[in-house]
Structures are given as C-alpha cells and as structure tokens.
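Please look over the sequence and the 3D structure shown here, and then follow the report below from its open spaces to its sheet and helices.

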Amino acid sequence: MTANRKIVEDIYAAFERGDVPAVIAALDAEVVWAYPGPSNIPFTGVFSGVEAVQRYFDTYAGQIAETESNRFGTEAFVADRDLVVVLGFEVTKITATGKTYNAPFAHAWTLDDGKVTKFCGYYDTAAMSAAFS
C-alpha cells in the first residue's frame with residue numbers, strides 16, 4: 001500500500017466516525033475542493049483553502065437528515081503516485097425534502113508531501129438533484 005493511499009483511507013475512517021477536524025488536518029492550506037453539480041445541490045462548487053472546505057462540510061451536514069438509513073461506503077482504492085481514486089456509494093436522506101438519493105461516486109484525491117492539495121467528487125448528480133427538488 002502506498003503512503004498516499006493510507007492517508008486517504010485514514011481520511012475516510014475519520015469521516016466515517018464524524019471526525020471532520022481530522023479530515024481538515026489532512027488538507028494542505030491551499031487545497032482546492034471541487035464538487036461539481038447543479039446549483040440546487042447546496043454543497044456543489046469549488047472551495048479553495050481549508051476554511052472554505054470547512055464551510056463545505058458545515059453546509060453538507062446541514063442538509064443531511066440524521067437517520068440510520070443513510071449509508072456511505074468505499075468499494076475500491078486505486079493509487080498511482082500522487083493520485084488516489086476512490087469508488088464508492090452514498091445513500092442519503094435530505095432534510096428539506098425528506099427524499100433519499102442513492103448515488104455511486106468516484107473521488108479523486110491529489111496529494112503532495114503527505115497533504116491533500118486537490119479533491120474532486122463525482123456523483124450521480126441527477127439522483128442527488130432529484131432528492132433536493
């Protein structure tokens with residue numbers, strides 16, 4: 001296992017236990033966090049710097065209903081030099097609408113000197129957008 005893959009696996013473990021500060025600590029100060037998607041999904045966009053990424057997590061958390069039916073899982077990690085790609089799935093209920101989306105994802109992580117410098121999350125945004133409508 002590469003060092004970068006281990007760092008990314010640790011990020012997912014932190015996220016799973018709700019330890020957002022540990023996720024933030026793994027980021028470079030100048031990180032670029034991209035989450036492309038339609039504007040009706042409140043947490044889409046490009047976020048530059050750790051403070052902006054913290055706001056992303058705050059916005060995301062404010063949209064998600066606390067329910068045992070929510071699921072988030074990883075299925076594969078692929079690492080090549082400074083890039084780690086993670087495939088997985090998310091099943092999430094939206095607070096405002098009460099609707100649930102079930103979306104596969106691909107996350108691309110770029111690391112430099114042990115810190116995340118870039119993240120891009122690719123989802124089935126049609127499913128997510130429908131849950132927000």
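## The largest pocket

In this predicted model, 17 residues line the largest pocket, and those nearest its centre are F15, Y60, I64, N70 and F72. A pocket here is an open set of points, on a 1 Å grid over the protein atoms alone, with protein on both sides within 12 Å along at least five of seven lines, and a lining residue has an atom within 4 Å of a point. Two or more residues of this lining come from each of α1, α3, β3 and β4, where helices (H or I, at least four residues) and strands (E, at least two) are DSSP runs numbered from the N terminus.

The largest pocket has a volume of about 490 Å³, a volume being the space filled by probe spheres set on the grid points, which are joined across faces, edges and corners. Its lining divides into nine nonpolar, four polar and four charged residues; Ala, Val, Leu, Ile, Met, Phe, Trp, Tyr, Cys and Pro count as nonpolar, Asp, Glu, Lys and Arg as charged, and the others, Gly among them, as polar.

## How the model is read

Residues are numbered from 1 along each chain as its sequence is written, and side-chain values use heavy atoms, with hydrogens and water left out. Because the model is predicted, local features need pLDDT of at least 70 and side-chain atom pairs count only at pLDDT 80 or more, while totals for chains, interfaces and linings use all residues.

## The cavity

A search of the whole structure finds one cavity of 30 Å³ or more, a cavity being a set of points where a 1.4 Å probe fits but cannot get out. The largest cavity holds about 190 Å³ of space, and of its 15 lining residues F15, W33, Y56, F57 and H107 are the closest to its centre. By class, this lining has 13 nonpolar, one polar and one charged residues.

## The sheet and its helices

Six strands form an open sheet with mixed pairing, in the order β2-β1-β6-β5-β4-β3, and two strands pair if DSSP finds at least two bridges between them. At the edges stand β2 (45-48) and β3 (71-80), each with a single partner strand, so one side of each is left without a neighbour in the sheet. Strand β4 (residues 83-93) runs antiparallel to β5, joined by eleven bridges, and F89 stands opposite P104 in β5.

Helix α4 (residues 125-132) packs on the sheet and touches β1, β5 and β6, contact meaning heavy atoms within 4.5 Å.

Notes. Axes are lines fitted to C-alpha atoms, for helices over the stretch in contact, and angles run from 0 to 180 degrees between N-to-C directions.
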